[in-house]
Amino acid sequence: MLIYQQEVELDTEGHGHMQNLTKLMEELVRKSGVHRGLCSIFNQGSTAAIGAVEFEPGLEKDFPAFLDRLVPPGAGYQHKNNWHDDNGHSHIQASLMGPSLTVPVKDGALALGTYQHIVHLECDIKARKRAIMVTIMGE
Amino acid sequence: MLIYQQEVELDTEGHGHMQNLTKLMEELVRKSGVHRGLCSIFNQGSTAAIGAVEFEPGLEKDFPAFLDRLVPPGAGYQHKNNWHDDNGHSHIQASLMGPSLTVPVKDGALALGTYQHIVHLECDIKARKRAIMVTIMGE
Amino acid sequence: MLIYQQEVELDTEGHGHMQNLTKLMEELVRKSGVHRGLCSIFNQGSTAAIGAVEFEPGLEKDFPAFLDRLVPPGAGYQHKNNWHDDNGHSHIQASLMGPSLTVPVKDGALALGTYQHIVHLECDIKARKRAIMVTIMGE
(Lines give C-alpha, C1' and ligand atoms only; values in the text may rest on other atoms or scores of the structure.)
Protein backbone atom coordinates (compact mmCIF):
# COMPACT_ATOMS: atom_id res chain seq x y z
CA MET A 1 0.00 0.00 0.00
CA LEU A 2 1.37 3.38 -1.02
CA ILE A 3 0.54 6.81 0.37
CA TYR A 4 1.83 9.86 -1.45
CA GLN A 5 1.14 13.36 -0.16
CA GLN A 6 2.14 16.63 -1.77
CA GLU A 7 1.25 20.24 -1.01
CA VAL A 8 0.88 22.40 -4.12
CA GLU A 9 0.98 26.20 -4.13
CA LEU A 10 -1.37 28.02 -6.47
CA ASP A 11 -1.61 31.74 -7.32
CA THR A 12 -5.10 32.99 -8.12
CA GLU A 13 -6.13 36.25 -9.80
CA GLY A 14 -9.20 37.00 -7.71
CA HIS A 15 -12.94 36.34 -7.58
CA GLY A 16 -14.19 33.83 -10.14
CA HIS A 17 -10.74 32.76 -11.35
CA MET A 18 -11.02 29.11 -12.36
CA GLN A 19 -7.90 27.04 -13.03
CA ASN A 20 -7.53 23.61 -14.60
CA LEU A 21 -5.50 21.37 -12.25
CA THR A 22 -5.93 18.15 -14.26
CA LYS A 23 -2.47 18.02 -15.86
CA LEU A 24 -0.74 18.74 -12.56
CA MET A 25 -2.77 16.06 -10.78
CA GLU A 26 -1.94 13.52 -13.52
CA GLU A 27 1.75 14.30 -12.95
CA LEU A 28 1.43 13.75 -9.20
CA VAL A 29 -0.35 10.42 -9.79
CA ARG A 30 2.59 9.33 -11.99
CA LYS A 31 5.07 10.43 -9.31
CA SER A 32 3.13 8.59 -6.60
CA GLY A 33 3.61 5.20 -8.25
CA VAL A 34 -0.01 4.32 -7.40
CA HIS A 35 -1.68 2.19 -10.09
CA ARG A 36 -5.05 1.59 -8.45
CA GLY A 37 -6.62 3.65 -5.68
CA LEU A 38 -7.87 7.14 -4.91
CA CYS A 39 -6.59 10.69 -5.35
CA SER A 40 -7.94 13.35 -2.97
CA ILE A 41 -7.50 17.05 -3.82
CA PHE A 42 -8.22 19.49 -0.99
CA ASN A 43 -8.15 23.31 -0.85
CA GLN A 44 -6.87 24.54 2.54
CA GLY A 45 -8.95 27.64 3.26
CA SER A 46 -12.61 28.53 3.45
CA THR A 47 -13.07 30.82 0.41
CA ALA A 48 -12.00 28.66 -2.53
CA ALA A 49 -13.32 25.39 -3.95
CA ILE A 50 -12.22 22.27 -5.77
CA GLY A 51 -14.64 20.74 -8.29
CA ALA A 52 -15.09 18.88 -11.55
CA VAL A 53 -16.03 21.10 -14.52
CA GLU A 54 -15.44 20.78 -18.26
CA PHE A 55 -12.74 23.41 -18.63
CA GLU A 56 -13.54 25.41 -21.77
CA PRO A 57 -13.87 29.19 -22.30
CA GLY A 58 -17.69 29.19 -22.12
CA LEU A 59 -18.09 27.34 -18.84
CA GLU A 60 -15.05 29.15 -17.46
CA LYS A 61 -17.34 32.22 -17.48
CA ASP A 62 -20.72 30.49 -16.97
CA PHE A 63 -19.86 28.71 -13.76
CA PRO A 64 -18.56 31.66 -11.67
CA ALA A 65 -21.32 33.85 -13.16
CA PHE A 66 -23.93 31.33 -12.02
CA LEU A 67 -22.49 31.31 -8.49
CA ASP A 68 -22.60 35.13 -8.40
CA ARG A 69 -26.30 35.09 -9.36
CA LEU A 70 -26.99 32.42 -6.75
CA VAL A 71 -24.96 34.02 -3.94
CA PRO A 72 -24.61 37.70 -4.88
CA PRO A 73 -21.79 39.89 -3.59
CA GLY A 74 -22.72 42.49 -0.99
CA ALA A 75 -26.21 41.23 -0.14
CA GLY A 76 -26.24 41.87 3.58
CA TYR A 77 -24.38 38.94 5.03
CA GLN A 78 -23.94 38.85 8.83
CA HIS A 79 -20.36 37.77 8.23
CA LYS A 80 -19.59 41.43 7.49
CA ASN A 81 -21.02 42.69 10.78
CA ASN A 82 -18.64 40.53 12.74
CA TRP A 83 -15.48 40.75 10.65
CA HIS A 84 -15.87 43.88 8.47
CA ASP A 85 -15.16 41.53 5.61
CA ASP A 86 -16.91 42.00 2.28
CA ASN A 87 -16.58 38.34 1.35
CA GLY A 88 -19.64 36.73 2.92
CA HIS A 89 -20.67 35.53 -0.55
CA SER A 90 -17.18 34.07 -1.07
CA HIS A 91 -17.58 31.88 2.00
CA ILE A 92 -21.05 30.66 1.01
CA GLN A 93 -20.03 29.96 -2.62
CA ALA A 94 -16.98 27.98 -1.49
CA SER A 95 -18.88 26.04 1.19
CA LEU A 96 -21.63 25.19 -1.29
CA MET A 97 -19.13 23.84 -3.85
CA GLY A 98 -16.92 22.21 -1.22
CA PRO A 99 -13.14 22.22 -0.74
CA SER A 100 -12.39 18.73 -2.00
CA LEU A 101 -12.74 16.12 -4.71
CA THR A 102 -11.87 12.42 -4.67
CA VAL A 103 -11.01 10.89 -8.06
CA PRO A 104 -10.30 7.19 -8.73
CA VAL A 105 -6.87 6.13 -10.00
CA LYS A 106 -6.87 3.27 -12.52
CA ASP A 107 -3.89 1.92 -14.50
CA GLY A 108 -1.71 4.66 -13.03
CA ALA A 109 -3.91 7.52 -14.28
CA LEU A 110 -6.94 9.54 -13.14
CA ALA A 111 -10.14 7.79 -14.24
CA LEU A 112 -11.81 10.97 -15.54
CA GLY A 113 -14.20 11.37 -18.47
CA THR A 114 -12.76 12.83 -21.68
CA TYR A 115 -14.12 16.33 -21.03
CA GLN A 116 -14.04 16.15 -17.24
CA HIS A 117 -11.46 18.35 -15.53
CA ILE A 118 -10.36 19.00 -11.97
CA VAL A 119 -10.66 22.73 -11.27
CA HIS A 120 -9.78 25.20 -8.57
CA LEU A 121 -12.17 28.12 -8.18
CA GLU A 122 -11.18 31.27 -6.32
CA CYS A 123 -14.27 32.64 -4.56
CA ASP A 124 -12.55 35.31 -2.46
CA ILE A 125 -12.60 38.97 -3.55
CA LYS A 126 -8.90 39.36 -4.20
CA ALA A 127 -5.92 37.44 -5.60
CA ARG A 128 -4.71 34.82 -3.14
CA LYS A 129 -1.89 32.34 -2.70
CA ARG A 130 -3.53 28.96 -2.15
CA ALA A 131 -2.29 25.70 -0.66
CA ILE A 132 -3.76 22.52 -2.16
CA MET A 133 -3.10 19.22 -0.39
CA VAL A 134 -3.02 16.19 -2.68
CA THR A 135 -3.19 12.71 -1.13
CA ILE A 136 -2.92 9.59 -3.30
CA MET A 137 -3.51 6.18 -1.70
CA GLY A 138 -3.48 2.73 -3.29
CA GLU A 139 -1.22 0.06 -4.67
CA MET B 1 -5.27 -3.96 2.99
CA LEU B 2 -7.66 -4.65 0.14
CA ILE B 3 -8.39 -2.52 -2.91
CA TYR B 4 -11.29 -3.48 -5.13
CA GLN B 5 -12.12 -1.51 -8.26
CA GLN B 6 -14.98 -2.08 -10.66
CA GLU B 7 -16.35 -0.06 -13.56
CA VAL B 8 -20.13 -0.19 -13.87
CA GLU B 9 -22.10 0.72 -17.01
CA LEU B 10 -25.37 2.56 -16.57
CA ASP B 11 -28.03 3.48 -19.15
CA THR B 12 -29.89 6.71 -18.45
CA GLU B 13 -33.17 7.94 -19.98
CA GLY B 14 -32.27 11.61 -20.28
CA HIS B 15 -32.42 14.86 -18.34
CA GLY B 16 -33.47 14.49 -14.71
CA HIS B 17 -33.40 10.69 -14.68
CA MET B 18 -32.41 9.63 -11.16
CA GLN B 19 -31.42 6.04 -10.42
CA ASN B 20 -30.92 4.27 -7.10
CA LEU B 21 -27.48 2.61 -7.07
CA THR B 22 -27.57 1.49 -3.42
CA LYS B 23 -28.31 -2.22 -4.00
CA LEU B 24 -25.61 -2.49 -6.68
CA MET B 25 -23.07 -0.77 -4.42
CA GLU B 26 -23.95 -3.11 -1.53
CA GLU B 27 -23.26 -6.05 -3.85
CA LEU B 28 -19.88 -4.65 -4.87
CA VAL B 29 -18.94 -4.12 -1.20
CA ARG B 30 -19.77 -7.80 -0.53
CA LYS B 31 -17.69 -8.88 -3.55
CA SER B 32 -14.76 -6.69 -2.43
CA GLY B 33 -14.34 -8.59 0.84
CA VAL B 34 -13.73 -5.25 2.62
CA HIS B 35 -15.17 -5.19 6.15
CA ARG B 36 -14.03 -1.77 7.28
CA GLY B 37 -12.99 1.12 5.06
CA LEU B 38 -14.33 3.45 2.37
CA CYS B 39 -16.33 3.07 -0.85
CA SER B 40 -15.90 5.79 -3.49
CA ILE B 41 -18.46 6.09 -6.32
CA PHE B 42 -17.44 8.33 -9.23
CA ASN B 43 -19.27 9.31 -12.44
CA GLN B 44 -16.85 9.60 -15.36
CA GLY B 45 -18.18 12.54 -17.39
CA SER B 46 -19.05 16.16 -16.77
CA THR B 47 -22.87 16.17 -17.17
CA ALA B 48 -24.06 13.66 -14.58
CA ALA B 49 -23.78 13.52 -10.79
CA ILE B 50 -23.54 11.08 -7.90
CA GLY B 51 -25.25 12.04 -4.64
CA ALA B 52 -27.13 10.88 -1.57
CA VAL B 53 -30.91 11.33 -1.74
CA GLU B 54 -33.81 9.46 -0.14
CA PHE B 55 -35.04 7.60 -3.18
CA GLU B 56 -38.84 7.80 -3.16
CA PRO B 57 -41.29 8.91 -5.90
CA GLY B 58 -41.74 12.43 -4.49
CA LEU B 59 -38.09 13.40 -4.20
CA GLU B 60 -37.38 11.58 -7.46
CA LYS B 61 -39.34 14.47 -9.06
CA ASP B 62 -38.56 17.23 -6.54
CA PHE B 63 -34.79 17.05 -6.78
CA PRO B 64 -34.34 17.35 -10.58
CA ALA B 65 -37.16 19.95 -10.65
CA PHE B 66 -35.32 22.01 -8.04
CA LEU B 67 -32.10 21.88 -10.08
CA ASP B 68 -34.00 23.03 -13.19
CA ARG B 69 -35.39 26.05 -11.29
CA LEU B 70 -31.92 26.82 -9.94
CA VAL B 71 -30.05 26.35 -13.23
CA PRO B 72 -32.69 26.70 -15.97
CA PRO B 73 -32.27 25.12 -19.41
CA GLY B 74 -31.55 27.51 -22.28
CA ALA B 75 -30.78 30.62 -20.23
CA GLY B 76 -27.97 32.09 -22.32
CA TYR B 77 -24.94 30.09 -21.28
CA GLN B 78 -21.63 30.93 -22.98
CA HIS B 79 -21.00 27.19 -23.27
CA LYS B 80 -23.39 27.22 -26.24
CA ASN B 81 -21.48 29.92 -28.10
CA ASN B 82 -18.34 27.85 -28.12
CA TRP B 83 -19.70 24.35 -28.65
CA HIS B 84 -23.21 24.84 -30.12
CA ASP B 85 -24.33 22.62 -27.27
CA ASP B 86 -27.65 23.24 -25.56
CA ASN B 87 -26.51 21.65 -22.32
CA GLY B 88 -24.84 24.52 -20.46
CA HIS B 89 -27.31 23.99 -17.60
CA SER B 90 -26.43 20.25 -17.55
CA HIS B 91 -22.78 21.07 -16.92
CA ILE B 92 -23.55 23.55 -14.15
CA GLN B 93 -26.08 21.25 -12.44
CA ALA B 94 -23.62 18.33 -12.50
CA SER B 95 -20.68 20.43 -11.31
CA LEU B 96 -22.75 21.88 -8.47
CA MET B 97 -23.82 18.40 -7.28
CA GLY B 98 -20.43 16.84 -7.93
CA PRO B 99 -19.42 13.57 -9.63
CA SER B 100 -18.57 11.57 -6.55
CA LEU B 101 -19.56 10.30 -3.13
CA THR B 102 -17.49 8.53 -0.47
CA VAL B 103 -19.42 6.23 1.87
CA PRO B 104 -17.97 4.38 4.89
CA VAL B 105 -17.94 0.58 4.95
CA LYS B 106 -18.59 -1.02 8.36
CA ASP B 107 -19.11 -4.73 9.13
CA GLY B 108 -18.91 -5.50 5.41
CA ALA B 109 -21.80 -3.16 4.47
CA LEU B 110 -22.35 0.49 3.54
CA ALA B 111 -22.89 2.58 6.69
CA LEU B 112 -25.89 4.49 5.30
CA GLY B 113 -28.95 5.80 7.15
CA THR B 114 -32.17 3.79 6.76
CA TYR B 115 -33.63 6.18 4.16
CA GLN B 116 -30.34 7.31 2.66
CA HIS B 117 -29.62 6.12 -0.87
CA ILE B 118 -26.78 6.49 -3.34
CA VAL B 119 -28.16 7.98 -6.55
CA HIS B 120 -27.01 8.73 -10.07
CA LEU B 121 -28.56 11.80 -11.66
CA GLU B 122 -28.47 12.36 -15.42
CA CYS B 123 -28.17 16.10 -16.07
CA ASP B 124 -27.52 15.93 -19.83
CA ILE B 125 -30.33 16.59 -22.31
CA LYS B 126 -30.47 13.11 -23.82
CA ALA B 127 -30.20 9.45 -22.83
CA ARG B 128 -26.59 8.48 -22.22
CA LYS B 129 -24.50 5.41 -21.50
CA ARG B 130 -22.55 6.18 -18.31
CA ALA B 131 -19.41 4.71 -16.78
CA ILE B 132 -19.28 4.69 -12.97
CA MET B 133 -15.99 3.80 -11.28
CA VAL B 134 -16.35 2.17 -7.87
CA THR B 135 -13.28 1.92 -5.63
CA ILE B 136 -13.45 0.13 -2.27
CA MET B 137 -10.44 0.27 0.09
CA GLY B 138 -10.00 -1.16 3.54
CA GLU B 139 -9.44 -4.40 5.43
CA MET C 1 -1.56 0.78 7.04
CA LEU C 2 -3.99 1.82 9.76
CA ILE C 3 -7.77 2.01 9.61
CA TYR C 4 -9.61 3.64 12.49
CA GLN C 5 -13.39 3.88 12.52
CA GLN C 6 -15.56 5.54 15.13
CA GLU C 7 -19.27 6.34 15.24
CA VAL C 8 -20.07 9.62 16.97
CA GLU C 9 -23.49 10.59 18.33
CA LEU C 10 -24.61 14.19 17.95
CA ASP C 11 -27.68 15.99 19.32
CA THR C 12 -29.04 18.76 17.12
CA GLU C 13 -31.48 21.54 18.05
CA GLY C 14 -33.48 21.61 14.83
CA HIS C 15 -33.53 23.25 11.42
CA GLY C 16 -30.45 25.30 10.59
CA HIS C 17 -28.46 24.24 13.66
CA MET C 18 -24.80 24.24 12.64
CA GLN C 19 -22.16 22.64 14.87
CA ASN C 20 -18.38 22.81 14.72
CA LEU C 21 -16.96 19.27 14.70
CA THR C 22 -13.31 20.27 14.12
CA LYS C 23 -12.02 19.76 17.65
CA LEU C 24 -13.70 16.36 17.97
CA MET C 25 -12.28 15.26 14.60
CA GLU C 26 -8.78 16.41 15.63
CA GLU C 27 -9.12 14.23 18.75
CA LEU C 28 -10.14 11.20 16.71
CA VAL C 29 -7.18 11.71 14.35
CA ARG C 30 -4.87 11.71 17.39
CA LYS C 31 -6.52 8.53 18.73
CA SER C 32 -6.24 6.83 15.32
CA GLY C 33 -2.44 7.04 15.31
CA VAL C 34 -2.56 7.97 11.59
CA HIS C 35 0.17 10.46 10.62
CA ARG C 36 -0.47 10.70 6.89
CA GLY C 37 -3.66 9.80 5.07
CA LEU C 38 -7.33 10.74 4.85
CA CYS C 39 -10.16 11.38 7.31
CA SER C 40 -13.73 10.83 6.04
CA ILE C 41 -16.66 12.29 8.00
CA PHE C 42 -20.11 10.99 7.01
CA ASN C 43 -23.61 11.84 8.28
CA GLN C 44 -25.84 8.75 8.31
CA GLY C 45 -29.27 10.05 7.30
CA SER C 46 -30.75 12.02 4.43
CA THR C 47 -31.70 15.34 6.09
CA ALA C 48 -28.41 16.61 7.51
CA ALA C 49 -25.10 17.58 5.92
CA ILE C 50 -21.38 17.67 6.58
CA GLY C 51 -19.40 20.57 5.10
CA ALA C 52 -16.51 22.97 5.49
CA VAL C 53 -17.49 26.46 6.68
CA GLU C 54 -15.64 29.11 8.67
CA PHE C 55 -17.44 28.74 11.97
CA GLU C 56 -18.13 32.24 13.28
CA PRO C 57 -21.40 33.84 14.50
CA GLY C 58 -22.09 35.65 11.19
CA LEU C 59 -21.77 32.69 8.85
CA GLU C 60 -23.47 30.47 11.43
CA LYS C 61 -26.61 32.49 10.54
CA ASP C 62 -25.77 33.36 6.89
CA PHE C 63 -25.28 29.82 5.66
CA PRO C 64 -28.57 28.23 6.85
CA ALA C 65 -30.42 31.45 5.87
CA PHE C 66 -28.98 31.19 2.36
CA LEU C 67 -30.13 27.55 2.07
CA ASP C 68 -33.64 28.55 3.20
CA ARG C 69 -33.81 31.23 0.49
CA LEU C 70 -32.54 28.75 -2.10
CA VAL C 71 -34.77 25.84 -1.05
CA PRO C 72 -37.67 27.41 0.87
CA PRO C 73 -39.71 25.48 3.43
CA GLY C 74 -43.24 24.52 2.40
CA ALA C 75 -42.99 25.29 -1.31
CA GLY C 76 -45.05 22.43 -2.74
CA TYR C 77 -42.65 19.51 -2.73
CA GLN C 78 -44.00 16.17 -4.00
CA HIS C 79 -42.21 14.53 -1.07
CA LYS C 80 -45.12 15.72 1.11
CA ASN C 81 -47.78 14.09 -1.06
CA ASN C 82 -46.20 10.70 -0.61
CA TRP C 83 -45.09 10.82 3.00
CA HIS C 84 -47.13 13.65 4.62
CA ASP C 85 -43.77 15.01 5.67
CA ASP C 86 -43.18 18.74 5.76
CA ASN C 87 -39.44 18.35 5.23
CA GLY C 88 -39.09 18.22 1.44
CA HIS C 89 -36.79 21.27 1.63
CA SER C 90 -34.70 19.50 4.32
CA HIS C 91 -34.00 16.63 1.95
CA ILE C 92 -33.05 18.91 -0.94
CA GLN C 93 -30.82 21.17 1.20
CA ALA C 94 -29.00 18.14 2.65
CA SER C 95 -28.59 16.43 -0.73
CA LEU C 96 -27.28 19.64 -2.28
CA MET C 97 -24.67 20.08 0.46
CA GLY C 98 -23.87 16.37 0.66
CA PRO C 99 -23.47 14.03 3.67
CA SER C 100 -19.69 13.76 3.66
CA LEU C 101 -16.32 15.45 3.64
CA THR C 102 -12.85 14.00 3.14
CA VAL C 103 -9.99 15.91 4.79
CA PRO C 104 -6.26 15.11 4.44
CA VAL C 105 -4.26 14.10 7.52
CA LYS C 106 -0.68 15.39 7.64
CA ASP C 107 1.79 15.12 10.54
CA GLY C 108 -0.90 13.51 12.67
CA ALA C 109 -3.35 16.43 12.30
CA LEU C 110 -6.11 17.59 9.93
CA ALA C 111 -4.61 19.68 7.11
CA LEU C 112 -7.24 22.45 7.31
CA GLY C 113 -6.85 26.16 6.66
CA THR C 114 -6.66 28.43 9.73
CA TYR C 115 -10.31 29.52 9.45
CA GLN C 116 -11.63 26.35 7.87
CA HIS C 117 -13.87 24.21 10.05
CA ILE C 118 -15.70 20.90 9.69
CA VAL C 119 -19.38 21.49 10.38
CA HIS C 120 -22.54 19.48 10.79
CA LEU C 121 -25.72 21.16 9.58
CA GLU C 122 -29.15 19.97 10.68
CA CYS C 123 -31.57 20.47 7.77
CA ASP C 124 -34.55 18.59 9.23
CA ILE C 125 -37.44 20.48 10.86
CA LYS C 126 -36.93 19.19 14.38
CA ALA C 127 -34.19 18.31 16.85
CA ARG C 128 -32.58 14.99 15.97
CA LYS C 129 -30.07 12.53 17.35
CA ARG C 130 -27.48 12.02 14.61
CA ALA C 131 -24.93 9.31 13.92
CA ILE C 132 -21.68 10.45 12.28
CA MET C 133 -19.28 7.79 10.98
CA VAL C 134 -15.63 8.82 11.02
CA THR C 135 -13.11 6.71 9.06
CA ILE C 136 -9.40 7.52 9.16
CA MET C 137 -7.02 5.61 6.86
CA GLY C 138 -3.28 5.97 6.40
CA GLU C 139 0.03 5.23 8.02
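At what angle do helix α4 (residues 88-97) of chain A and helix α2 (residues 57-70) of chain C pack? Here are some notes to read beside the model.

1. First, the ground rules. This is a predicted model, where local features need pLDDT of at least 70, side-chain atom pairs count only at pLDDT 80 or more, and totals for chains, interfaces and linings use all residues. Residues are numbered from 1 along each chain as its sequence is written, chains are lettered from A and ligands numbered from 1 in the order in which they are written, and side-chain values use heavy atoms, with hydrogens and water left out.

2. Now the opening question. The two helices pack at about 60°, and their axes are 11 Å apart (axes are lines fitted to C-alpha atoms, for helices over the stretch in contact, with angles from 0 to 180 degrees between N-to-C directions). Helices here are DSSP runs of H or I with at least four residues, and strands are runs of E with at least two, numbered from the N terminus.

3. Who touches whom? On the α4(A) side, A:Gly88, A:His91, A:Ile92, A:Ser95 and A:Leu96 meet C:Leu59, C:Asp62, C:Phe63 and C:Phe66 of α2(C) (contact means heavy atoms within 4.5 Å). Sorted by type, the residues of this contact are five nonpolar, three polar and one charged (Ala, Val, Leu, Ile, Met, Phe, Trp, Tyr, Cys and Pro count as nonpolar, Asp, Glu, Lys and Arg as charged, and the others, Gly among them, as polar).

4. Following α4(B) comes B:Gly98, with a positive phi near 95°.

5. On symmetry, chain B superposes on chain C by a rotation of 120° with 0.0 Å of shift along the axis, at RMSD 0.0 Å (least squares on C-alpha atoms of residues with pLDDT of at least 70 in both copies). The two copies are thus related as by a three-fold rotation axis. B:Met1 is the residue of chain B that comes closest to this axis, its C-alpha lying at 4.2 Å. Only 15% of the interface residues of chain B are also interface residues in chain C, so the copies meet through different surfaces.

6. Finally, C:Gln6 sits in strand β1 (residues 2-11) of chain C. C:Gln6 is partly exposed, at a relative accessible area of 33%. Beyond its neighbours within four places in sequence, C:Gln6 contacts C:Leu28, C:Ile132, C:Met133 and C:Val134.

Note on methods:
Buried means under 20% relative accessible area, exposed over 50%, partly exposed in between (1.4 Å probe, protein chains only).
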